[in-house]
Amino acid sequence: MADSLLAALAGSRRPAIVGLAKNAGKTTVLNYLIKALYEAGRRPGIASIGRDGEQIDILTLKRKPRILLPPGCHCVTTNRLASAELELCAELGGRGVLGMPGVYRNPAASNTVSGGKWDEAVAVELAGINRIAAMEHALEKLAGYADPVLVDGALDRRSQGSPGLSDGVVLCTGAVVGNSLELVVKRTMDVIGLLQLPAARGSDLPADNTIQISGAVTDRKMRSLLTGHGNNTALTSVAEDWTRFFLSAAMRRTLSNRGISLAVIRSARLLALCVNPHNPVGTDLPAEALRTALAHALSEKSIAVPCVDVQSEPK
């Protein structure tokens with residue numbers, strides 16, 4: 001499983017690690033990939049549009065797993081959140097609530113990746129920039145020090161998974177998404193359905209049977225569209241990318257029944273699906289049964305990506 005997950009990232013310079021829900025295991029997957037890449041001789045960098053890596057969750061007040069930065073590796077954070085162990089390599093300009101952003105390095109044994117030891121990794125808090133253009137600049141700057149750049153994301157800030165910021169998505173799901181195997185599979189595959197939306201051909205825009213929607217595509221916007229749409233006319237609704245769609249499963253079924261299909265200008269690429277059977281706020285699900293059910297659902301849709309439970313991997 002570990003080999004298949006690393007192989008899935010082989011052609012990606014900027015993969016986004018996106019959690020489908022809070023406590024879906026995103027940080028566990030992120031740390032797993034950081035360590036695996038580092039031990040394979042790579043120099044991964046880490047960035048996030050939001051804040052992550054703090055010791056205590058500000059909403060639940062529960063302890064969170066820390067994000068670990070290996071020796072010689074870099075991350076984007078701010079001067080207020082950077083620990084004393086980190087070294088500033090480049091300022092990114094601007095100032096936010098959490099301070100001035102920059103590219104920071106863990107300087108321990110930083111001459112070569114192989115010169116450092118994993119036990120010299122330091123816990124970091126990430127804080128990025130909440131404007132897409134500025135975040136793009138930060139990621140480009142980080143890429144000068146890192147290979148690959150791992151983009152930390154979540155479904156509630158899934159702009160991280162936009163094709164404009166990343167070149168592929170590792171989606172993290174698990175027992176926290178639903179209280180049964182069937183519900184987890186359904187909700188996960190609904191999101192993957194958005195990730196797999198086809199790209200509209202250039203010749204489709206504009207066209208009589210195509211409507212391009214700017215900004216977020218919500219149930220409210222689509223209800224307005226349905227009001228003026230005839231039942232027997234095929235129509236394609238196009239958004240910038242998959243992160244712009246915020247449609248309920250019921251609305252997506254309604255659109256399909258009315259002959260309205262969805263497409264994007266910039267398509268995304270699903271790299272892998274990671275599974276967490278543990279639910280810290282509810283009931284766990286059987287680990288292998290959950291992974292198998294999701295792998296089967298991917299296979300039924302002819303989606304050939306690895307489906308991995310990294311917590312079951314040998315340590």
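Helices (H or I, at least four residues) and strands (E, at least two) are DSSP runs, and they are numbered from the N terminus. The close-up views below are taken from a predicted model.

**View A. Val305 in the loop between helix 7 and strand 18.** The loop that holds Val305 runs between helix 7 (287–300) and strand 18 (307–308). Val305 has a relative accessibility of 17%, and because buried means under 20%, this residue counts as buried. If its neighbours within four places in sequence are left aside, Val305 is in contact with Leu270, Leu271, Ala272, Leu273 and Leu298. The view also takes in Ala8, which is 297 residues away from Val305 along the chain, although the C-alpha atoms of the two are separated by 7.4 Å.

**View B. Asp52 and its polar contacts with Lys26 and Lys64.** Asp52 belongs to strand 3 (residues 51–52), and with a relative accessibility of 4% it counts as buried. The side chain of Asp52 is joined to that of Lys26 by a polar contact of 2.6 Å, and it also makes a polar contact of 3.0 Å with the side chain of Lys64.

**View C. The crossing of helix 5 and helix 6.** The axes of helix 5 (residues 219–227) and helix 6 (residues 249–257) come within 11 Å and cross at roughly 20°. Angles under 35 degrees count as roughly parallel, and the two helices are therefore roughly parallel to each other. Helix 5 passes helix 6 in a left-handed crossing, in which Asp219, Met222, Arg223 and Leu226 of helix 5 make the contact with Met251, Thr254 and Leu255 of helix 6. Sorted by class, this contact has four nonpolar, one polar and two charged residues.

Key
Residues numbered from 1 in each chain as written. Predicted model: local features only at pLDDT ≥ 70, side-chain atom pairs only at ≥ 80, totals over all residues. Heavy atoms only, no water. Axes fitted to C-alpha atoms, helices over the stretch in contact; angles between N-to-C directions. Parallel < 35°, antiparallel > 145°, perpendicular 65-115°, else oblique. Left-handed = near helix turned anticlockwise from the far one by under 90°. Contact = heavy atoms within 4.5 Å. Nonpolar A, V, L, I, M, F, W, Y, C, P; charged D, E, K, R; others polar. Buried < 20%, exposed > 50% of the residue type's maximum accessible area, 1.4 Å probe, protein only. Polar contact = N/O pair within 3.5 Å; in protein donor to acceptor, adjacent residues only side chain to side chain.
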